[in-house]
Amino acid sequence: MKKHFRRALIVASALVFVVFAPVSGAMAAVQRVVSMNLCTDQLLMLVADKTQIASLSHLARDETLAVMSARARNYPVNHGRAEEIYLSRPDLVLAGSYTQFNSINMLRGLGISVEQFAPVRSLKDIPANLRRIGALVGREARAEALVAAFQSQLAEAQRTERAENVPAAIYYANSYTAGQGTLMDEVVGAARLENIADRLSLTGTRSLPLELLVMESPDVLVTARKTGHPPALAHEVLRHPALRRTIHRQGEVAIHTKYTICGLPFITRAIEMLTKAGDVVASQAGSRK
């Protein structure tokens, strides 16, 4: 009861502030930005001035999920609750499409600007999101510099002399793969690999039976690098002898989830790793002919 009363009191006080706050003749520059989402956390750190960042989501400090976890420790964190975010007096809140709807609706009801970002499904979304953040925080020049650097790194990561694509499979815990319409499918294609999920007309994130994977006989297997979490049965499929015999002995590429989970410029690291794996497999196959 006390908890609900305290929440009601905070909301009521906030509404009074919204009603009676003085209205400026021009929109003030964004000075305090709060991010409620792992991906917007890192976009914000990349583009904004450090003095503009009021807080990040608590996930920003998780080194298994965030490439920028070390830098995130320089900022306060939030847990996505409307009350704590409101009390930090932000000019702007950044959130994902699936961020807590109740918190977002409450913040908007209190007159706080909230911008939501959809999950990245394509490499083209990365420059678009950098530019969008740049416009929101008044750092357009910084955003453009990051876009140029990303495009240069992407071109370098894709550099290969292979004439043909190398067959590859994305295979995660519980036998899941990523097909057409996913960011990982684009990443594999950017590395000049042929995703066998496309051969099988699989779209989105789908289950791929081990038997079907073995029949397709990919040369490269893309898996998620293990984190510090305890072993789980969900990963046992990756140890199956049939799978071990199928892929090329140099063909497994274990990529840290943090490089691919958000669709940030760091994804070029994953593309570079896959391009090199394809080159190694192709060169060794050619030497056996």
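Trainee: Which residues of H6 and H7 meet?

Mentor: This is a predicted model. In it, Ile126, Pro127, Leu130, Arg131, Gly134 and Ala135 of H6 touch Glu140, Ala143, Glu144, Leu146, Val147, Phe150 and Gln151 of H7. Contact here means heavy atoms within 4.5 Å.

Trainee: How do those residues divide by type?

Mentor: The contact of H6 with H7 has 8 nonpolar, 2 polar and 3 charged residues. Gly counts as polar.

Trainee: Why are H6 and H7 called roughly antiparallel?

Mentor: Their axes lie 7 Å apart, at an angle of about 165°. Angles over 145 degrees count as roughly antiparallel, so H6 and H7 get that label. Their crossing is right-handed.

Trainee: What makes H2 roughly perpendicular to H6?

Mentor: The axes of H2, residues 38-47, and H6, residues 125-137, cross at roughly 65° and come within 10 Å. The range for roughly perpendicular is 65 to 115 degrees, so H2 is roughly perpendicular to H6.

Trainee: What is the handedness of that crossing, and which residues make the contact?

Mentor: The crossing of H2 and H6 is right-handed. Leu43, Leu44, Leu46 and Val47 of H2 make the contact with Asn129, Leu130, Ile133, Gly134 and Val137 of H6. These divide into 7 nonpolar, 2 polar and no charged residues.

Trainee: How do you know that the charged end of Arg132 sits over the ring of Phe117?

Mentor: The charged end of Arg132 is 3.9 Å from the centre of the Phe117 ring. The distance limit is 6 Å, and the charge must also be within 35 degrees of the ring normal. Arg132 is listed as sitting over the ring.

Trainee: How many aromatic pairs does the structure hold?

Mentor: It holds 0 aromatic pairs. A pair needs ring centres within 6.5 Å.

Technical notes: Residues numbered from 1 in each chain as written. Predicted model: local features only at pLDDT ≥ 70, side-chain atom pairs only at ≥ 80, totals over all residues. Heavy atoms only, no water. Axes fitted to C-alpha atoms, helices over the stretch in contact; angles between N-to-C directions. Helix = DSSP H or I, 4+ residues; strand = E, 2+ residues; numbered from the N terminus. Parallel < 35°, antiparallel > 145°, perpendicular 65-115°, else oblique. Left-handed = near helix turned anticlockwise from the far one by under 90°. Phe/Tyr/Trp six-rings, centres within 6.5 Å; stacked < 30°, edge-to-face > 60°.
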